[in-house]
Amino acid sequence: MWVGLAAALGLLTPVAAAQPRSSPVGYTEARRYRVQERLRLPGSVESALISRVASEIAGRVIECAVRPGDRVERGQVLVRLNGRSLELALGAAEAQLREAEARRKLAERSYERARELSASGVFSKQQLDDTLYELRAWQGRVDSLQAEIERIRYDLERSTIRAPFDGVVTAKSTEVGEWLNAGSPVVELVSLEELEAVVHVPERYYRMLRPGAAARVTLDALPGTVFRGRVSAVIPRADPQARTFHAKIRLPADAGRVAAGMLAEVELEGISGDGGAAREATVVPKDAVVREGEQTVVYVLDGDGLAKAVPVVPGPGIGVWTVVNGALAPGQKVITRGNERLRPGQRVAGEPVAYPLP
């Protein structure tokens, strides 16, 4: 009995081992797509608005409200200066103004009385002119003090240094207790609402550059994300050594994860590196491309339910798709989900995944 049971187990074990569990994967068919080789240029992201915010008046710093890395809004307090001396000067000027206004009113009444007396022949023309001069002198004093008060209030307002636009503080140039002269920098502020990719365009393409032309921008830091922008400026002066021209591509205002200094690749639409010729190519979703050591492969789901690795050379990207060159034919099922840990010959169970073509 035990011998028979052992024999039965011996027969069952190889059968169970021959049926390994299939790994679930997602697949998409490779497609034939007509692509046009476009000019792609490396560049970097820069802010179109960078400001070294400076103090407009002299004074001692009593508060630094921000530090590098802080996001600020337009009008937000950056630095405060000691404004006590301005407050005292304002109080003195306002007191002098009240006195001058009182004396102007007295001079105005004196002039009106002098006019009446002059009309009746009691006051001479000289006496009338003297009262008019007195009135005008006090009116001038009132005007002068009002202007002085406005100046002091303006200086008091400028003793609080505020952000001129929305942005990020990238550097701070002062600390509490320091004395600032008029024009001394306090912070460097970079706007992330007005970002642009700057590229160096070879001289032979300069005549094709047009402000307002569409462009596609991809970033090394954000793989798979494509930003669509437009050429905002073409600098008509070549670099004397590289013989290239600067072109700036304004990025959309909602590019929230983009930062100044990121590496970029810019595709200028309407400018082709090969004269605009189009060709038929095999494309697969970018998710299908796997890097294995020094080799780039695409795993294909064959008719036996096994994963087969096909070496490919990636070409230009087209949205979420990419051109591939190699022994891969349109219509083959390329694995796009669960391919990170696959091995050639591994049994898989596939489910279709939709990727719309651009």
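In which sense do strand 5 and strand 10 pair, and over how many bridges? The two strands pair in the antiparallel sense, over two bridges. That pairing turns up again in the second view below.

**View 1. The whole chain, a predicted model with three helices and 23 strands.** Helices (H or I, at least four residues) and strands (E, at least two) are DSSP runs, numbered from the N terminus. Residues are numbered from 1 along each chain as its sequence is written. Since this is a predicted model, local features need pLDDT of at least 70 and side-chain atom pairs count only at pLDDT 80 or more, while totals for chains, interfaces and linings use all residues; side-chain values use heavy atoms, with hydrogens and water left out. The pLDDT score is the predictor's confidence in each residue, from 0 to 100. Here the mean pLDDT is 87, and 90% of the residues reach 70 or more. A contact means heavy atoms within 4.5 Å. Where pLDDT is low, the predicted coordinates should not be read in detail. Of the 358 residues, 35% count as buried, where buried means under 20% relative accessible area, exposed over 50%, and partly exposed in between (1.4 Å probe, protein chains only). Among contacts between residues at least 6 apart in sequence, 76% join residues at least 24 apart.

View 2. Two strands pair if DSSP finds at least two bridges between them. Strand 5 covers residues 59–64, and its glycine 59 has leucine 180 of strand 10 as bridge partner. Strands of a sheet pair through backbone hydrogen bonds, either parallel or antiparallel.

**View 3. Helix 2 and its buried residues.** Helix 2 (residues 84–119) has 36 residues and reaches 53 Å from its first C-alpha to its last. That's close to the 52 Å expected at 1.5 Å a residue (the expected span is 1.5 Å times one less than the number of residues). Its buried residues include Leu86, Leu90, Arg104 and Tyr111, and the buried residues of helix 2 pack against helix 3. Just after helix 2, glycine 121 takes a positive phi of about 90 degrees.

**View 4. Two residues of helix 3, tyrosine 133 and arginine 158.** Helix 3 spans residues 125–158. Is tyrosine 133 buried or exposed? Tyrosine 133 counts as exposed because its relative accessibility is 61%. Tyrosine 133 and tyrosine 111 are 22 residues apart in sequence and 9.1 Å apart in space, C-alpha to C-alpha. Arginine 158, on the other hand, counts as buried because its relative accessibility is 18%. Not counting residues up to four places away in sequence, arginine 158 touches Glu56 and Ile57.

**View 5. The largest nonpolar core, with 27 residues.** A nonpolar core is a set of buried Ala, Val, Leu, Ile, Met, Phe, Trp, Tyr and Cys residues joined through side-chain atoms within 4.5 Å. Val217, Leu219, Ile249, Val258 and Leu268 have the most contacts inside this one. Elements giving two or more residues to this core include strand 13 (214–219), strand 14 (222–234) and strand 15 (244–250). Leaving aside its neighbours within four places in sequence, valine 217 is in contact with residues including Ala197, Phe227, Ile249 and Val266. Another core, of 26 residues, lies apart from it, with Val72, Leu145, Ile149 and Ile152 among them.

**View 6. The hairpin of strand 13 and strand 14.** Two residues lie between these strands, which pair in the antiparallel sense over six bridges. Threonine 218 has valine 226 of strand 14 as bridge partner. Strand 14 is also joined to strand 15 by four bridges, and these two run antiparallel. There, alanine 233 has lysine 248 of strand 15 as bridge partner.

**View 7. An aromatic pair, tryptophan 321 and tyrosine 355.** A search of the whole structure finds two aromatic pairs. This one is edge-to-face, at 6.3 Å centre to centre and 80 degrees between the planes. Rings of Phe, Tyr and Trp (its six-membered ring) pair if their centres lie within 6.5 Å; planes under 30 degrees apart count as stacked, over 60 as edge-to-face and the rest as tilted. Tryptophan 321 is in strand 21 (residues 321–326) and tyrosine 355 in the segment after strand 23 (348–352), 34 residues apart. Tryptophan 321 counts as buried because its relative accessibility is 0%, and tyrosine 355 is buried too, with a relative accessible area of 10%.
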